[in-house]
Amino acid sequence: MRSGWRGLTTVAAIGAATGMALLASACSSSTAAASGSSGSGGGKIVAVGAENEYADVIQQVGGKYVQVSAIMSNPNTDPHTFEASASVARLVSSAQLVVQNGVGYDTFMNTIENAAPSSSRKVVVVQNLLGLPDGTPNPHLWYKPGTMSAVANAVAADLAALAPAHAAYFKANASAFISSLAAWDNAIATFQTKYPGTPVATTEPVADYLLQAVGADNLTPWAFQADIMNGTDPSAQDVAVERSLFTQHKVKVFVYNQQVTDSLTESFITLAQANGIPVVGVYETMPVPGYDYQSWMLAEVQDLQKAVASKISTEHL
């Protein structure tokens, strides 16, 4: 079983592996930020997204004036067990703009930032942007409609502070990005209208915000979702409830975290398939190549609709 999202990475792992690297890079990164230089960015603002979906939004807003890197970007790995390396520490410590999720999901970012402080570094914590408490049970904020619009505006404001001459450019790009989310919003509204209250089962709350937005009825016990997310064995009672959702055909779709599976979740995929229930895989980091944030979110809704309307499974994007 994997470790839980609240323990996304160990502070000890970062500290032992990157302590000297952070000390060596702290002065140079602070100086670069203070002078307006982007160091290795070739005159561009150096920016980092803790997750590649945030890096994508930075890139769309910053355009030609930013050099963006993503820390977590491999959809075939488990973000919950990610461990930051010395190279990651150097990358983050040299950044002039950072966007991170918060809610305990990417605490390694705070460790790195605190080890290499910079008074001029702009840090967008999405949790704070949305006004969410530390105890927010579902950390997968990028599936929540409205999240990335707020992120885009915050990124535009911070980039404008770093490069005032391009403020209008950043603002226009943020507006264009927000407008481009209309297709996703329309797909959500269409699903709500056509398939209200669709019963679904899940393994984890990865896409729960999206399921709520489309008006689906998630019948999986929250305790079961939380246990799977946190790498804890769910109770026998919750496992029995989850099984009954398939064997008794109580749900029309099974949504699972495609990036994180084990013998238990695999058994539920098999059970769903055996009972003719379509399976939809969702992701914690944006599938690449081939997607930007908008097309990724739209694809997830379209896959849900295909599952409900035509019983078509989409386990991989």
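# Briefing on a predicted protein model

Asp-208 lies in helix H9, which covers residues 208-213. The protein has 317 residues, of which 53% are buried, and its secondary structure amounts to 13 helices and eight strands. Of the contacts between residues at least 6 apart in sequence, 71% link residues at least 24 apart.

**Buried aspartates without a salt bridge**

- Asp-208 of helix H9 is buried but takes part in no salt bridge.
- The nearest side chain of opposite charge to Asp-208 is that of Lys-144, at a distance of 11 Å.
- Apart from neighbours within four places in sequence, Asp-208 contacts Asn-138, Thr-202, Asn-218, Trp-222 and Gln-225.
- Asp-238 belongs to helix H11, residues 236-247. Asp-238 is likewise buried without a salt bridge, and Lys-250, the nearest side chain of opposite charge, is 12 Å away.
- When residues up to four places away in sequence are set aside, the contacts of Asp-238 are with Pro-221, Ala-223 and Phe-224.

**The salt bridge in the structure**

- One salt bridge is found when the whole structure is searched. The side chains of Lys-306 and Asp-303 form a salt bridge, with 3.3 Å from N to O.
- Lys-306 and Asp-303 are three residues apart in helix H13, and therefore about one helical turn separates them.

- Helix H6 runs over residues 147-162, a stretch of 16 residues. At 1.5 Å a residue the helix should span 22 Å, and the 23 Å between its end C-alpha atoms agrees with that expectation.
- The buried residues of H6 include Thr-147, Met-148, Ser-149, Val-151, Ala-152 and Ala-154. Val-155, Ala-156, Asp-158, Leu-159 and Ala-160 of H6 are buried as well.
- Two packed helices are described by the angle between their axes and the distance between the axes.
- H6 packs with helix H7, residues 167-180, at an angle of about 175 degrees, and the axes are 8 Å apart. Because of this angle, H6 is roughly antiparallel to H7.
- On the H6 side, the contact is made by Met-148, Ser-149, Ala-152, Asn-153, Ala-156, Leu-159 and Ala-160. On the H7 side, Ala-167, Phe-170, Lys-171, Ala-174, Phe-177 and Ile-178 take part.

**Helix H2**

- Helix H2 covers residues 52-62, and nine of its eleven residues are buried, so the helix is largely enclosed by the rest of the structure.
- The buried positions of H2 are Asn-52, Glu-53, Tyr-54, Ala-55, Asp-56, Val-57, Ile-58, Val-61 and Gly-62.
- Gly-63 follows H2 and has a positive phi, near 55 degrees.

**Backbone features in loops**

- Most residues other than glycine have a negative phi, and most peptide bonds are trans.
- Val-103 is not a glycine, yet its phi is positive, near 55 degrees. Val-103 sits in the loop between strand E3 (97-100) and helix H4 (108-115), and it counts as buried because its relative accessibility is 2%.
- His-249 also has a positive phi, about 55 degrees, without being a glycine. The residue is located in the loop between H11 and strand E7 (253-257). With a relative accessibility of 48%, His-249 counts as partly exposed.
- Val-288 and Pro-289 are joined by a cis peptide bond, with omega about -5 degrees. Pro-289 is placed in the loop between strand E8 (279-282) and helix H13 (293-310).
- Tyr-283 is also in the loop between E8 and H13, and it is buried, with a relative accessible area of 4%. Its C-alpha atom is 8.9 Å from that of Val-260, although the two residues are 23 apart along the chain.

Conventions. Residues numbered from 1 in each chain as written. Predicted model: local features only at pLDDT ≥ 70, side-chain atom pairs only at ≥ 80, totals over all residues. Heavy atoms only, no water. Helix = DSSP H or I, 4+ residues; strand = E, 2+ residues; numbered from the N terminus. Expected span 1.5 Å × (residues − 1). Buried < 20%, exposed > 50% of the residue type's maximum accessible area, 1.4 Å probe, protein only. Lys, Arg positive; Asp, Glu negative; His and termini not counted. Salt bridge = Lys/Arg side-chain N within 4 Å of Asp/Glu carboxyl O. Contact = heavy atoms within 4.5 Å. Axes fitted to C-alpha atoms, helices over the stretch in contact; angles between N-to-C directions. Parallel < 35°, antiparallel > 145°, perpendicular 65-115°, else oblique.
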